[in-house]
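Here is a short report on charged side chains and how they pair. Please look over the structure, then read on.

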Amino acid sequence: MDIRTIEWKNGSIKLIDQTKLPEKLEYIYIKDLKSLLHAIKALKVRGAPALGAAAALGVCLGIKLSKAKSFPQFNKEMDKIISYIASSRPTARNLFWGLERIRTAAIKNKSEPVSSIKKILFKEANNIIEEDRVSCRKIGFYGAKLINKFDTILTICNAGILATVDYGTALGVVYRAQEQGKNIKVFACETRPLLQGARLTAWELNKKGIDVTLNCDNMAAALMAQGKIDKVIAGADRIAANGDTANKIGTYSLAVLAHFHKIPFYIAAPESTFDFSIKSGKDIPIEQRSHLEVTRLFSKNLIAPKNVKVFNPAFDVTPHKLITAIITDRGIIKAPFLKNIAKILAK
Ligand code: MRU
């Protein structure tokens with residue numbers, strides 16, 4: 001199954017509408033910034049690396065019709081577009097990294113005519129897309145070295161094809177191990193409240209012919225206690241300089257459980273997810289989402305009293321002490337994380 005989560009097509013951003021899965025594989029074409037913002041907030045496009053690509057393409061979409069005649073004027077318009085896209089979701093580092101890549105490319109070429117800068121920025125956005133394809137495969141290459149034949153892996157949320165351009169980070173490791181004939185099995189946590197594990201991970205693993213079993217989030221401890229899990233692998237939305245990692249809510253619980261059961265717990269993420277300006281996880285901005293996601297099942301059927309108080313952070317932070325290793329596109333990083341992240345990623 002070869003599918004692309006995001007690409008530029010006929011002057012618009014072509015996306016898989018992830019809210020329609022697993023019922024149907026439907027593509028949408030984003031032609032304006034307002035629709036892009038809505039698509040990001042509604043999780044039609046989601047997952048840190050896919051958000052980096054969407055943000056970069058979004059700037060190209062926004063400046064496409066600019067009539068600016070000088071760089072300062074163009075820059076002012078671009079800044080406004082960047083701030084607008086940046087207001088969509090706060091946690092995934094890749095989204096801001098994608099925007100910064102575009103801004104840097106524009107400033108580097110400020111002496112060019114505006115028409116050339118537009119082409120350069122479009123090329124940069126496409127570079128981001130191509131780089132994601134390569135870096136996910138590198139994560140797969142390094143990560144698969146940690147996987148034994150017949151391992152059973154537990155994962156959460158969706159850190160696969162649908163969260164990236166076309167391969168995945170945590171699931172990239174699974175795909176590479178499978179390509180090596182390791183015959184592995186996956187347990188996918190359903191991932192309340194928005195069920196990315198059930199709707200997306202189970203869907204894409206099925207399509208790729210991987211043996212996948214769906215479990216409710218509160219079944220993870222029982223699975224581990226019964227000796228059914230060899231490794232846990234999760235993706236990441238933002239990794240602080242000391243290795244503390246923000247990922248989908250519930251990841252921290254899995255790390256605590258894995259520690260108790262002496263099961264290796266891995267994070268898989270590209271370099272673009274690391275945020276060196278943030279020293280530790282306590283400074284990572286955590287998105288709070290609507291109470292309707294909790295009181296209603298996938299925002300439809302009411303499953304709790306309408307006016308009940310709700311706690312709904314989209315992400316939690318796993319302290320680096322609970323992480324066995326971080327699988328990156330530059331190699332595997334182990335403790336001491338502060339030192340080794342700087343060493344490996346500065347190379
Ligand atoms: O709210 P989401 O679905 O965007 O959350 C996504 C995750 O938490 C993923 O695990 C993370 O972005 C890693 S994607 C390779």
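The sections below go through the salt bridges of this predicted model.

## Overview

Side chains of opposite charge can pair when their charged atoms come close. In this model the count comes to 21 salt bridges.

## A pair across two loops

E271 and R330 meet through their side chains in a salt bridge, at 2.8 Å from N to O. E271 sits in the loop between β10 (265-268) and β11 (274-275). R330 sits in the loop between β15 (325-328) and β16 (331-333). The pair therefore ties together parts that are 59 residues apart in sequence.

How accessible is E271? Its relative accessibility is 29%, so E271 counts as partly exposed. R330 has 27% relative accessibility and is also classed as partly exposed.

## A partly exposed pair

K24 and E26 form another salt bridge. The N to O distance between their side chains is 3.8 Å. K24 is partly exposed because its relative accessibility is 42%, which lies between the limits of 20% and 50%. E26, at 27%, counts as partly exposed too.

## A buried pair

R289 and E293 pair through their side chains, with 2.8 Å from N to O. Are these two residues buried or exposed? Both R289 and E293 are buried. Each is thus under 20% relative accessible area.

Note on methods. Residues are numbered from 1 along each chain as its sequence is written. This is a predicted model: local features need pLDDT of at least 70, side-chain atom pairs count only at pLDDT 80 or more; totals for chains, interfaces and linings use all residues. Side-chain values use heavy atoms; hydrogens and water are left out. A salt bridge is a side-chain nitrogen of Lys or Arg within 4 Å of a carboxyl oxygen of Asp or Glu. Buried means under 20% relative accessible area, exposed over 50%, partly exposed in between (1.4 Å probe, protein chains only). Helices (H or I, at least four residues) and strands (E, at least two) are DSSP runs, numbered from the N terminus.
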